[in-house]
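Colleague: Please take a close look at one part of this model for me, the region around the ligand and the strands beside it. I would like one connected account that I can follow with the structure open.

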Amino acid sequence: MVLNPVISKLAGKLVVLASASPRRLEILRSAGLRFEVVPSWFKETLDKGLFKAPHEYAVETAKQKALEVARRMPFKHLKTPDIVIGADTIVSVDGMILEKPVDKHDAYRMLSSLSGKEHSVFTGVAIVLCHEKENEEVDYQLVDFYEETKVKFADLSEDMLWEYINSGEPMDKAGGYGIQALGGMLVEYVHGDFLNVVGFPLNHFCKQLHTQITPTASPAHKVCFYNSITKICRLLTLFIENLPIANFVSALPSTFPKTLQALFTASKLCLFDLLHSRPGLDAAQVAQEIKASEKGTECLLEACVSLGLLKSIEKVYENADLATDFLRSDAPFSLHGYLQHCNETMWPLFSHLESAVQEGTSQREKAFSKHMLQKTSSSSREGKLRFMKAMHSIAKITGKTIATAFDLSTYKSACDLGGCTGALAYEFAEAHPGLSVTVFDLPAVVELNEFFHPQHPDNRVSFVAGDFLKDELPKADLYILARILHDLPDEKVHILLSKIADACTAGCGLLLSEIFLDEDRRGPSRGLLQALSMSEGKQRSATEYSLLLKSHGFITAHIRHTDNLLDAMLFTLLQCFSDSAEILD
Ligand SMILES: O=c1[nH]cc([C@@H]2O[C@H](COP(=O)(O)OP(=O)(O)OP(=O)(O)O)[C@@H](O)[C@H]2O)c(=O)[nH]1
């Protein structure tokens, strides 16, 4: 029987339940849904202190469970699901979050805290829609929600508690009880969805399916944008990220470097700029314009068509949307500068990865000729400009997401430390009309800013030259650290944070944006791969960053996993460290 017509719309799709919970399986199966079960490997170890409300923790955990399966399946199972469903159930009482007890004493602690009281059961649910594109790339669209049910327990005597614990029932259940079985005897009333307590809010799930992800629903602009970014990034990381499966699929190893080199070469030869200004050229015309051989140009054009970067109609070529939006050098979200940096700096360095790993030293001398060493050196004007262009690309791509991740209406002035070309600062100014932003960066960087005129100048953005590790910081009530801390070892992080804390007064904010590693350090691969090219710094998880910040008096207010290259956390300075040492200990 099909309980809800929406469920029948999923017929014919590969639906995966990313859960080992037999109750979730039973609830969804009884509703008529056909699916496979692939339990998630995501460890439920997110730092609860990072979430402002318990349901946010449950939703984030559900998301991570579902995404882990959605990302693993194409590689480990060699098939891509259409929909992955993840869920996480928690109990909240007296400000505590209770998950599954680890042993009998933990079960006792949980059940006695529930005795005679009303508590909330939250189940966070994440639905990941996977869209497989050409080239076997996968885009992910996320829908998430939560459901709250109130449950009141009777007063539980010690005998009753231990009898129940000794039944073994509490051990694999959130809050240490199973309302659907013996645990039902402990309950005085339930307000809300009973199945939500058991582990899956079926009614809310069906409503979400209906409103959000019916096949006819058009994806939001944001999703298209992220999908395209994901696609380019996948092209960039495809080679290294997939080495493990190269052992199994013999055709792949030769494909990945070629994919990247085709992208780099087309970008360097300004193919996408040419076809933007003059769409409809044939291979011979393109060859003439880019001053290249006709045969080579034709091969490159055809390769770009196969990668979805160009379209070809009867042997003439034009940009596909992806190239128009991201690969033209003057596109608002251009990755051109970043691709040049990858091609000319990262690629030669990564081809010496083996000796870098063996020796643990920089490979610059080996990777570059004397001439290129000068061109890529961060001390030369050319090297600096190249690096700034790359950072500018990333800031343009991620800027809006970071700037709009949190409600910043209480802040009037911000200081973007190491803010480079100001691309991020302009996004903040645009997103927050009451905010003025100072970009603080090295004198040599500020000097080169003339090359990066913003499309929409804003006099609320200003530039100050200085070294954030040495000089006095401009006063602000919000400090922004985007892609800075991962490049610094802990000692330097402490120097910088103590300078920020000194410049702050209680209540000031610090917005940190980085790739946050999974707590078990098994992903995301873009963070772990980036670590291979870092000399001093280190990639850290959200918890590791929180602990560093906490030691300077900053407590986490909010965290956002954005799915757009960088994540973000907003911290508040509780009070000056000397006053707060006791609390923080
Ligand atoms: O009354 C009940 N309350 C809760 C449950 C079950 O408790 C667990 C909650 O744990 P979690 O959400 O982490 O899910 P897991 O079982 O670990 O499976 P995943 O693989 O999805 O992480 C859940 O199984 C509920 O069904 C209950 O049975 N009764």
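Modeller: A residue is called buried here when its relative accessible area is under 20%, exposed when over 50%, and partly exposed in between. The model is predicted.

By that cut-off, Phe-153 and Tyr-177 are both buried. A search of the whole structure finds 7 aromatic pairs. One of them is formed by Phe-153 and Tyr-177, edge-to-face, with 4.8 Å from centre to centre and 70° between the planes. This pair links distant parts of the chain, since Phe-153 belongs to strand β6 and Tyr-177 to the loop between α5 (158–166) and β7, 24 residues apart. Another edge-to-face pair consists of Phe-200 and Phe-205, at 5.1 Å centre to centre and 70° between the planes. Phe-200 and Phe-205 are buried as well.

The ligand is surrounded by 21 residues, and the closest are Ser-19, Arg-24, Lys-65, Lys-100 and Val-198. From Arg-24, a polar side-chain atom lies 2.6 Å from an oxygen atom of the ligand. Glu-44 likewise places a polar side-chain atom 3.0 Å from a ligand oxygen atom.

Strand β6, which holds Phe-153, covers residues 138–153 and runs antiparallel to strand β5 (residues 118–132), with 15 bridges between them. Within this pairing, His-119 stands opposite Val-151 of β6. Strand β6 also runs antiparallel to strand β7 (residues 187–191), to which 4 bridges join it. There, Lys-152 stands opposite Tyr-189 of β7. In a regular strand the side chains alternate between the two faces of the sheet.

Two arginines sit over aromatic rings. Arg-29 lies over the face of Phe-35, 4.7 Å from the ring centre. Arg-72 has its charged end over the ring of Trp-41, at 3.6 Å from the centre.

Arg-328, in the loop between α14 (321–327) and α15 (336–350), counts as buried because its relative accessibility is 11%. The side chain of Arg-328 makes a polar contact of 3.0 Å with that of Asp-330.

Some backbone details are also worth a look. Cys-270 is not a glycine, yet its phi is positive, near 60°. Cys-270 is in the loop between α10 (252–268) and α11 (271–277), and with a relative accessible area of 32% it is partly exposed. Arg-521 has a positive phi too, of about 55°, and is likewise not a glycine. The loop between β15 and α23 holds Arg-521, which counts as partly exposed at 41% relative accessibility. Pro-524 is placed in the loop between β15 (509–514) and α23 (525–531). The peptide bond that joins Gly-523 and Pro-524 is cis, with omega about -10°.

Methods
Residues are numbered from 1 along each chain as its sequence is written. This is a predicted model: local features need pLDDT of at least 70, side-chain atom pairs count only at pLDDT 80 or more; totals for chains, interfaces and linings use all residues. Side-chain values use heavy atoms; hydrogens and water are left out. Two strands pair if DSSP finds at least two bridges between them. Helices (H or I, at least four residues) and strands (E, at least two) are DSSP runs, numbered from the N terminus. Rings of Phe, Tyr and Trp (its six-membered ring) pair if their centres lie within 6.5 Å; planes under 30 degrees apart count as stacked, over 60 as edge-to-face and the rest as tilted. Buried means under 20% relative accessible area, exposed over 50%, partly exposed in between (1.4 Å probe, protein chains only). A charge sits over a ring if NZ of Lys or CZ of Arg is within 6 Å of the ring centre and within 35 degrees of the ring normal. A residue is near a molecule or strand if one of its heavy atoms lies within 4 Å of it. A polar contact is a pair of N or O atoms within 3.5 Å; within protein, one must be able to donate a hydrogen and the other to accept it, and residues adjacent in sequence count only if both atoms are side-chain atoms.
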